[in-house]
Amino acid sequence: MTYEQVKADAAIKTYIAQADVTLAVLGYTEHSFPHVTRVAETAGDILSTLGYDPRTVELGKIAGFMHDIGNSVNRTDHAHTGAILSYQILKEIGMPLND
């Protein structure tokens, strides 16, 4: 499973888009694709600069891209909701459990 595959997944894109809509209604700034892409790329750059192996860099980018999907359900505890959503989505699209 790669960052590019995660970026292309329809379910993940739907959750990110809905999270942005939900946060806009609550008065938050933009949290859509430019935001999550910036977070993903920054995470990858930091991990790479610190000398982490390529797989860890890739996982950091995936986590950065998906970090706000829980906002599609609720702003409060969105990290917990996002973790549950991410687990199910990544499992369904074939992410190895050890990743």
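Helices (H or I, at least four residues) and strands (E, at least two) are DSSP runs, numbered from the N terminus. The structure is a predicted model, in which local features need pLDDT of at least 70, side-chain atom pairs count only at pLDDT 80 or more, and totals for chains, interfaces and linings use all residues. Residues are numbered from 1 along each chain as its sequence is written, and side-chain values use heavy atoms, with hydrogens and water left out.

**View 1. Lysine 7 in helix α1.** Lysine 7 belongs to helix α1. Its relative accessible area of 26% makes lysine 7 partly exposed (buried means under 20% relative accessible area, exposed over 50%, partly exposed in between, with a 1.4 Å probe and protein chains only). Apart from residues up to four places away in sequence, lysine 7 touches Lys13 and Phe65 (contact means heavy atoms within 4.5 Å). From lysine 7 to leucine 90 the C-alpha to C-alpha distance is 12 Å, while the two are 83 residues apart in sequence.

**View 2. Aspartate 9 between α1 and α2.** Aspartate 9 is located in the loop between α1 and α2. This residue counts as buried, at 15% relative accessibility. Its contacts, not counting residues up to four places away in sequence, are Ile89 and Ile93. Aspartate 9 and isoleucine 93 are 84 residues apart along the chain, and 8.5 Å separates their C-alpha atoms.

**View 3. Histidine 31 and serine 32 between α2 and α3.** The loop between α2 and α3 holds histidine 31 and also serine 32. Histidine 31 is buried, with a relative accessible area of 12%; serine 32 is buried, with a relative accessible area of 12%. Leaving aside neighbours within four places in sequence, histidine 31 is in contact with Ile16, Asp20, Leu23, Val36 and Asp68. Serine 32 touches Ile16 and Asp20, again not counting residues up to four places away in sequence. The C-alpha atoms of histidine 31 and lysine 7 are separated by 15 Å, and these residues are 24 places apart along the chain.

**View 4. The largest nonpolar core and isoleucine 16.** The largest nonpolar core has 14 residues, of which Val6, Ile12, Ile16, Ile62, Phe65, Met66 and Ile69 touch the most other members (a nonpolar core is a set of buried Ala, Val, Leu, Ile, Met, Phe, Trp, Tyr and Cys residues joined through side-chain atoms within 4.5 Å). Two or more residues of this core come from each of α1 (3-8), α2 (10-25), α3, α4 and α5 (78-92). Not counting residues up to four places away in sequence, isoleucine 16 touches His31, Ser32, Phe33, Val36, Phe65 and Ile69.

**View 5. Packing of helices α3 and α4.** Helix α3 (residues 33-49) packs against helix α4 (residues 54-66) at an angle of about 155°, with the axes 7 Å apart (axes are lines fitted to C-alpha atoms, for helices over the stretch in contact, and angles run from 0 to 180 degrees between N-to-C directions). The two helices are therefore roughly antiparallel to each other (angles over 145 degrees count as roughly antiparallel). Residues of α3 that meet α4 include Phe33, Val36, Ala40 and Leu47, and their counterparts in α4 include Val57, Gly60, Gly64 and Phe65. By class, this contact of α3 with α4 has eight nonpolar, six polar and two charged residues (Ala, Val, Leu, Ile, Met, Phe, Trp, Tyr, Cys and Pro count as nonpolar, Asp, Glu, Lys and Arg as charged, and the others, Gly among them, as polar).

Terms used. Parallel < 35°, antiparallel > 145°, perpendicular 65-115°, else oblique.
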